[in-house]
Amino acid sequence: MTEQTLSADGKAAPVPADAGDAGYDKALKPRHVNMIAIGGAIGTGLFLGAGGRLAQAGPALAIVYAVCGLFAFFVVRSLGELILYRPSSGAFVSYAREFMGEKGAFVAGWMHFLNWSTTGIADITAIALYAHFWSFFTPIPQWVLALIALAVVLALNMVSVKLFGEMEFWFAIIKVAALVTFMGIGIFLLVTQQPIDGNTPGFSLISDHGGIFPAGVLPMVLIVQGVVFAYASVELVGVAAGETENPRKIMPKAINSIMWRIGIFYVGSVILLAMLMPWDAYSKQESPFVTVLSHIGVPQAGNVMNLVVLTAALSSLNSGLYSTGRILRSMSLAGSAPKFTGVMNKNHVPYGGILLTSAVCVVGVGLNAVVPSQAFEIVLNFAAIGILGTWAIIVLSHLLFVRKAKLGEVERPSYRLPFSPYTEIATLIFLVAVVVLMGFDEVGRITLYCLPVIGLALVAGWFGVRKRINMDVFEKTKL
């Protein structure tokens, strides 16, 4: 499979062709891609995590969400430019292969797999916990609910990419509708000055309760690592590009919209929450949205929000199976992943990679059976390392892409990451800082201690596959 683009002087410029992109249906529509972009930027990190972080850092949480959101946008904007240069279902693995070599692709792919296989365990654990909120599911063991959730999402992923897109579309609709409804209620309360639990909504709830930094600057800095992981799915829009009609038209709009969505949904929600109730009225034990709604007497607020966070966890699991299937297929054809992960079914779904990810999630079902109270925390920190590694490789690939463009070896599209290469350098420094901040947290330190183990596993894995690497999977077209 070959492809060409026109450079600035009108001549045909060489564009690599990745064999891993062959065989897919172009079944994802613009509405699917737009909602995948929204869904990737909105998850349980906002619906549940914002309460505990507000209680820890106060209104300064809005600043942290804005800063982390900006760097998350730089990551996905870097990926967006690479997508317009060459759309690929292998996404960042394919770009790492081109600009960093097969070793870079190997690391990118397996770090992504580490991220989403462990996130999948966290997701099925969360789904089981959320289901136990309702008395109907209480008698069912946590591990059984986790296994049912995995089986259902796995089965749906096997059918077709169109069904995946439809699921993500409706999952995202539910999340957005919940946020918009809450913000509408919150703005109404703010404008009408309706008292909540004896407090009149307004900026005075911020200024009279310690200001923007009621707990000082240090707590704001320490929650950065947790907030980063709230944006952990933004890169999935890049994987979807390979199964989209006309991605060069659709992707810029979808990616650009991520920035204002972060601004409205994350920063806007936190500011609104801080002006509706004092920051210390929130807690990590409860969604901040439920805290507000229950105090104004909205019936079934807990049930509604539990349904929303259950949807968010299902969406994450769905996306993880989808993306790892495509990434592992790209790696398999290059020889850096097991051969069976490159196999497609009659519906053009790379089921081998999806089954491998599901197999790791089954281990998570075991964790739910053995240590149900600790399963979530055990795996979440390994996912964190995978996320940071994936983002760093995306930014590094873009940096190398820009360098090649300056040498005239490739042509940059008109849709570009602003202020390159300074943006990439600042993003990489930020990601390193997040790793350092993990050392200030007890659970984070345990994760950092595991870094040498992960590094050794990658080195051992590379030596295990290097003799069967297929260099012909990725060739440049001739001028």
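Here are some notes on the structure above, going from the whole chain down to single residues.

1. Ground rules. This is a predicted model, where local features need pLDDT of at least 70 and side-chain atom pairs count only at pLDDT 80 or more, while totals for chains, interfaces and linings use all residues. Residues are numbered from 1 along each chain as its sequence is written, and side-chain values use heavy atoms, with hydrogens and water left out.

2. Overall build. You are looking at 19 helices and three strands; helices (H or I, at least four residues) and strands (E, at least two) are DSSP runs, numbered from the N terminus. The C-alpha atoms fill a box of roughly 70 × 50 × 40 Å along the principal axes. The radius of gyration is 22 Å, which agrees with the value near 23 Å that a compact globule of 479 residues would have. That radius is taken over C-alpha atoms, and the globule rule is 2.2 Å times the number of residues to the power 0.38.

3. Of the contacts with a separation of 6 or more, 79% are between residues 24 or more positions apart. Contact here means heavy atoms within 4.5 Å.

4. The core. The largest nonpolar core has 143 residues, and Tyr-65, Phe-182, Tyr-231 and Trp-391 touch the most other members. Helix 5 (residues 91-131) gives the most to this core, with 19 residues. Such a core is a set of buried Ala, Val, Leu, Ile, Met, Phe, Trp, Tyr and Cys residues joined through side-chain atoms within 4.5 Å. Leaving aside neighbours within four places in sequence, Tyr-65 has contacts that include Leu-46, Val-227, Tyr-231, Ile-262 and Val-270.

5. Helix 16. Two residues are worth a click here. Ser-397 sits in helix 16 (residues 375-406) and counts as buried, at 1% relative accessibility. Beyond its neighbours within four places in sequence, Ser-397 touches Leu-82, Tyr-95, Ala-96, Phe-99 and Met-100. Ala-383 belongs to helix 16 too and is buried, at 3% relative accessible area. Ala-383 and Asn-115 are 268 residues apart in sequence, yet their C-alpha atoms are 4.1 Å apart in space.

6. Into helix 17. The loop between helix 16 and helix 17 holds Pro-421, which is joined to Ser-420 by a cis peptide bond with omega of about 5°. In helix 17 (residues 422-438) you will find Thr-427, buried with a relative accessible area of 1%. Again setting aside neighbours within four places in sequence, Thr-427 is in contact with Phe-71, Phe-74, Val-75 and Val-395.

7. Most residues other than glycine have a negative phi, and most peptide bonds are trans. Gln-193, in the loop between helix 7 (161-192) and helix 8 (204-207), has a positive phi near 60° and is partly exposed, at 38% relative accessible area. Gln-300 also has a positive phi, about 65°, and lies in the loop between helix 13 (288-295) and helix 14 (301-334).

Technical notes: Buried < 20%, exposed > 50% of the residue type's maximum accessible area, 1.4 Å probe, protein only.
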